Amino acid sequence: MFTPNGAPSRQRDGQAHRAFATSAPRPLMATAGFTETQLTVRDAVKQVCSGFPSTYWREHDQQAQDPTEFHAALAKDGWLGIALPEELGGAGLGISEATIMMQTITESGAGMAGAQSIHANVYATQPLARFGTRTQLERTIPNIISGKWRVCFGVTEPDAGLDTLRLSTTATRQPDGSYRVTGKKIWITCAQVASKMILLARTTPREEAQKPSSEGLSLFCIDLDRSHPGLEMRRIAKMGGRAVDANEVFFDDYPVPADALVGAEGQGFKVILHGMNAERCLLAGEALGLGYAALGRAATYARERTVFQRPIGMNQGIAHPLADAYMRLEAAKHATYHAARLYDASKMDRTIRMDEVGVACNSAKYLAAEAAFTACERAVLTHGGMGYAVEFDVERWFRECLVPRIAPVSREMILNYISEKVLELPRSY
């Protein structure tokens, strides 16, 4: 009887039972159309991920333990700088390559936890790399790429949610040019282990901003000094992705030097938009990887699980939902990599409008998240009762597949965006 990595088979309740302990199933995704660079990235990252089997992620999920070793392994091979400038130690590649890297990580069995352990290092640094001063870049980027410093992204607030322009965390300028930050942020991933936060805060009261719809917010790259009484963090217990921490972060007259400002004061929302479209591409890739991992595991189980003297995969009630899930993933894959290519091309091609990029990136994130949810749910159901068992991993991936549906922007807000920007329907919020 087949058992991955020689793990012994066991009998439970008279039925053959296999402990899927380490290896991921054969990749399902068709790779035609990808560039040679993308496929090289995929193969190399897959090699790094092979050192971190499902048992590693299972244990870190159960113990809510940060995957420090995984982060260090990716940093060692330079992957944290995949989309950062070569002159600062990065690879100088695009979001297309970063997206396939993130997909490969989740697809390896690491799931959303593996992706989120490095997620902010990839996308939150994009606005910094584009709008930061030479001094900021030379001081910060090499330390992020090397893995010495980890990064978190401080945008979401409990009283604002997705209404980013109504953020209330304030950064008040002092006579010496520095700032004092007061307010609270929520759902800040990796804040417990991060050295730096890319922080969005209000520097001009909304009612005083010339354009309240786009001005008055500023972006900062700040140190997280946990010894300072003006900084407090509270970890949030959560359903999935427990290996990476999520937090409430409280600032109370917390000092920030003048040179922490990224870009022009009051233009932070415009600056941060540069990273938001990139993040949607990365989330789409992560969702795809999760979906392919779950579908591959389900197909393996359906081929090998025998009930009524026949493999359950012979039953169309099993086979058809899995086939449908595969086609959804493949369709979402094309949308995802179209969006990533468009994002990358827009840096050089001025004929590509930013609203086109926004529509493509949001659409890709929506479609990939929905496809991943379908695949993960059907993987659990294919396993029947064993889909509820921790050792088969599909329950972990199912818990995690809700993340791309919710964050960084909900399904409903994407539908609002497409309704307004593409269909020109009246704004509903």
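This report describes the domains, salt bridges, backbone features and one surface patch of a predicted model.

**Domains and their interface**

The domain assignment divides the chain into domain 1 (36–129), domain 2 (151–266) and domain 3 (270–421). Between the centres of domain 1 and domain 3, taken over C-alpha atoms, there are 18 Å, and 29 residues of domain 1 are in contact with 33 residues of domain 3. The size of an interface is often given as the accessible area lost when the parts come together. For domain 1 and domain 3 the area buried between them is about 2400 Å², with 60% of it on carbon and sulfur atoms. Charged side chains also take part, as two salt bridges are found across the interface of these two domains.

**Salt bridges**

In the whole structure, a search finds 25 salt bridges.

| Pair | Distance (N to O) |
|---|---|
| Arg399 and Asp61 | 2.9 Å |
| Glu107 and Arg42 | 3.1 Å |
| Asp66 and Arg150 | 2.7 Å |
| Glu420 and Lys421 | 3.9 Å |

Glu107 and Arg42 form a salt bridge in which the closest N and O atoms are 3.1 Å apart. This pair links distant parts of the chain, with Glu107 in helix H4 (residues 95–123) and Arg42 in helix H1 (residues 36–49), 65 residues apart.

The side chains of Asp66 and Arg150 meet in a salt bridge at 2.7 Å, N to O. This pair, too, links distant parts of the chain, 84 residues apart: Asp66 is in the loop between helix H2 (54–63) and helix H3 (68–76), while Arg150 is in the loop between helix H6 (134–145) and strand E3 (151–154). Asp66 is buried, with a relative accessible area of 13%, and Arg150 is likewise buried, at 7% relative accessibility.

In the salt bridge of Glu420 and Lys421, the N to O distance is 3.9 Å, and Lys421 counts as partly exposed, at 47% relative accessibility. Salt bridges can also be joined to one another, and here a network of them links Arg58, Arg297, Asp393 and Arg396.

**Backbone features**

Most residues other than glycine have a negative phi, and most peptide bonds are trans. Which residues have a positive phi without being glycine? One of them is Cys190, with a phi near 65 degrees, which is placed in the loop between strand E5 (179–189) and strand E6 (196–202). Another is Phe308, with a phi of about 55 degrees, found in the loop between strand E11 (306–307) and strand E12 (310–311). Cys190 is buried, with a relative accessible area of 3%, whereas Phe308 is exposed, with a relative accessible area of 73%.

A cis peptide bond, with omega about -5 degrees, joins Ala407 and Pro408. Pro408 is found in the loop between helix H11 (403–406) and H12.

**A nonpolar surface patch**

Val422, Leu423 and Leu425 make a nonpolar surface patch of about 270 Å². Leu423 lies in the segment after helix H12 (411–421), and Leu423 counts as exposed because its relative accessibility is 54%, where exposed means over 50%.

Notes: Residues numbered from 1 in each chain as written. Predicted model: local features only at pLDDT ≥ 70, side-chain atom pairs only at ≥ 80, totals over all residues. Heavy atoms only, no water. Patch = residues over 30% accessible without salt bridge, like charges linked within 9 Å, V, L, I, M, F, W, Y side chains within 5 Å. Areas by Shrake-Rupley, 256 points an atom, 1.4 Å probe, with all protein chains shown as cover. Salt bridge = Lys/Arg side-chain N within 4 Å of Asp/Glu carboxyl O. Helix = DSSP H or I, 4+ residues; strand = E, 2+ residues; numbered from the N terminus. Buried < 20%, exposed > 50% of the residue type's maximum accessible area, 1.4 Å probe, protein only. Domains from an automatic or database assignment. Contact = heavy atoms within 4.5 Å. Buried area = accessible area lost by both parts, 1.4 Å probe.
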